Amino acid sequence: MNRPPGRMSHPGYRRPMSRWWWLGKRSYTLFALREVSAVFVAWSVLFLVAFVESLAGGEAPYQAFLDWAATPWVVALNVLTLVFLLLHAVTWINLTPAAVVVKVGRRRVPPRVISGSAFAGWAAVSALVLWLVVRV
Amino acid sequence: MARRTVEPVLWLLFSAGGVASAMVLPVVVFLFALAIPLGWIPAPDGAALLRLVGHPLTALVLLGVCVLSLFHWAQRFRYTLSDGLKLKHHQRTINTAVYVLTVLGSAAAGVALWDAMTARSG
């Protein structure tokens with residue numbers, strides 16, 4: 001955070017904050033979990049990249065990758081990943097009305113319509129991907 | 001001064017990445033990390049799946065999702081480290097490390113999708 005000029009020479013009092021501040025309250029912990037979800041987003045990308053690379057390699061690398069993905073530790077990690085991805089998606093969509101304010105005439109579209117539309121969009125994208133892959 | 005002008009762009013990428021990752025990654029992880037390896041759905045034939053994944057349009061969309069998602073991670077992670085874990089005094093190291101990883105990850109995604117595209121038409 002930027003301080004106003006001159007503040008450095010007269011810092012005043014700053015209440016010490018614990019490194020574990022986020023365990024103090026339920027809402028803090030939920031916030032922290034949301035932030036951690038980004039790590040699982042990054043892991044998902046790495047996993048996806050590895051998957052695509054194995055596909056490009058041919059039938060043998062593809063099967064080898066699937067076998068590796070089916071091992072217990074990887075499955076456990078990916079189940080956890082899916083949980084965090086869902087946490088990310090749900091909390092993100094629920095915040096959408098705060099960022100997207102639509103006015104029809106002078107009246108504001110209700111927040112639940114905004115997030116409802118975003119959830120519907122999420123369902124549509126997921127259904128499309130599912131359909132594309134299953135029909136292959 | 002340069003950091004002042006780049007921050008808004010990074011927040012924009014964070015935002016776009018948040019949307020992209022929220023919309024696409026859950027179903028992708030469900031399918032490719034769980035349903036297919038564990039046999040919940042019959043495993044698609046590799047060549048057939050490659051025809052889908054290596055299609056230029058699919059590859060482009062996936063590249064966008066991967067790159068944006070990584071930039072989303074980058075912003076959230078570096079703030080988690082500096083604010084959450086109070087490592088602010090290492091800010092420059094954190095920033096460099098995070099963005100090096102982001103670029104590397106994006107490059108890896110580009111290479112993989114390029115390989116898929118060429119393998120598909122090969």
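Which residues form a nonpolar patch on the surface, with about 440 Å² of accessible area together? Keep that question in mind while you get your bearings.

**Before you start.** What you have open is a predicted model. The predictor gives the complex an ipTM of 0.93 and a pTM of 0.89. Within chain B, confidence is lowest in helix α1 (residues 2-35), at a mean of 92, and highest in helix α4 (residues 91-121), at 95.

**Stop 1: the patch.** Now select A:Leu130, A:Val134, B:Phe30, B:Leu38 and B:Trp40, and show their surface. These residues make up the nonpolar patch, with about 440 Å² of accessible area together. Zoom in on A:Leu130, which belongs to helix α4 (residues 111-134) of chain A. Is A:Leu130 buried, partly exposed or exposed? Its relative accessible area is 31%, so A:Leu130 counts as partly exposed.

**Stop 2: helix α4 of chain A.** α4(A) has 24 residues and reaches 34 Å from its first C-alpha to its last, close to the 34 Å expected at 1.5 Å a residue. Next, pick out its buried residues: A:Ile114, A:Ser115, A:Ala118, A:Trp122, A:Ser126, A:Val129 and A:Val133. As you look along the helix, remember that an α-helix has 3.6 residues a turn, so residues three or four places apart point the same way.

**Stop 3: across chain A.** Select A:Ala42, in helix α1 (residues 26-57) of chain A. A:Ala42 has 11% relative accessibility, so this residue counts as buried. How far are they separated? The answer is 20 Å, for residues that lie 83 apart along the chain.

**Stop 4: a serine in chain B.** Move to B:Ser69, in helix α3 (residues 56-84) of chain B. B:Ser69 has a relative accessible area of 0%, so it is buried. Show its side chain and you will find that it reaches the backbone oxygen of B:Val65 at 2.6 Å.

**Stop 5: helix α4 of chain B.** Finish with α4(B), which has 31 residues. From its first C-alpha to its last this helix reaches 45 Å, close to the 45 Å expected at 1.5 Å a residue. Its buried residues include B:Gln91, B:Ile94, B:Val98, B:Tyr99, B:Gly105, B:Ala109 and B:Leu113. Select them together and follow them along the helix.

Definitions and conventions:
Residues are numbered from 1 along each chain as its sequence is written. Chains are lettered from A and ligands numbered from 1 in the order in which they are written. This is a predicted model: local features need pLDDT of at least 70, side-chain atom pairs count only at pLDDT 80 or more; totals for chains, interfaces and linings use all residues. Side-chain values use heavy atoms; hydrogens and water are left out. Patches are made of residues with over 30% relative accessible area and no salt bridge: like charges are joined within 9 Å, nonpolar side chains (Val, Leu, Ile, Met, Phe, Trp, Tyr) within 5 Å. Accessible areas come from the Shrake-Rupley method with a 1.4 Å probe; for residues, only the protein chains shown count as cover. A salt bridge is a side-chain nitrogen of Lys or Arg within 4 Å of a carboxyl oxygen of Asp or Glu. Helices (H or I, at least four residues) and strands (E, at least two) are DSSP runs, numbered from the N terminus. Buried means under 20% relative accessible area, exposed over 50%, partly exposed in between (1.4 Å probe, protein chains only). pLDDT is the predictor's confidence in each residue, from 0 to 100. The expected span of a helix is 1.5 Å times one less than its number of residues. A polar contact is a pair of N or O atoms within 3.5 Å; within protein, one must be able to donate a hydrogen and the other to accept it, and residues adjacent in sequence count only if both atoms are side-chain atoms.
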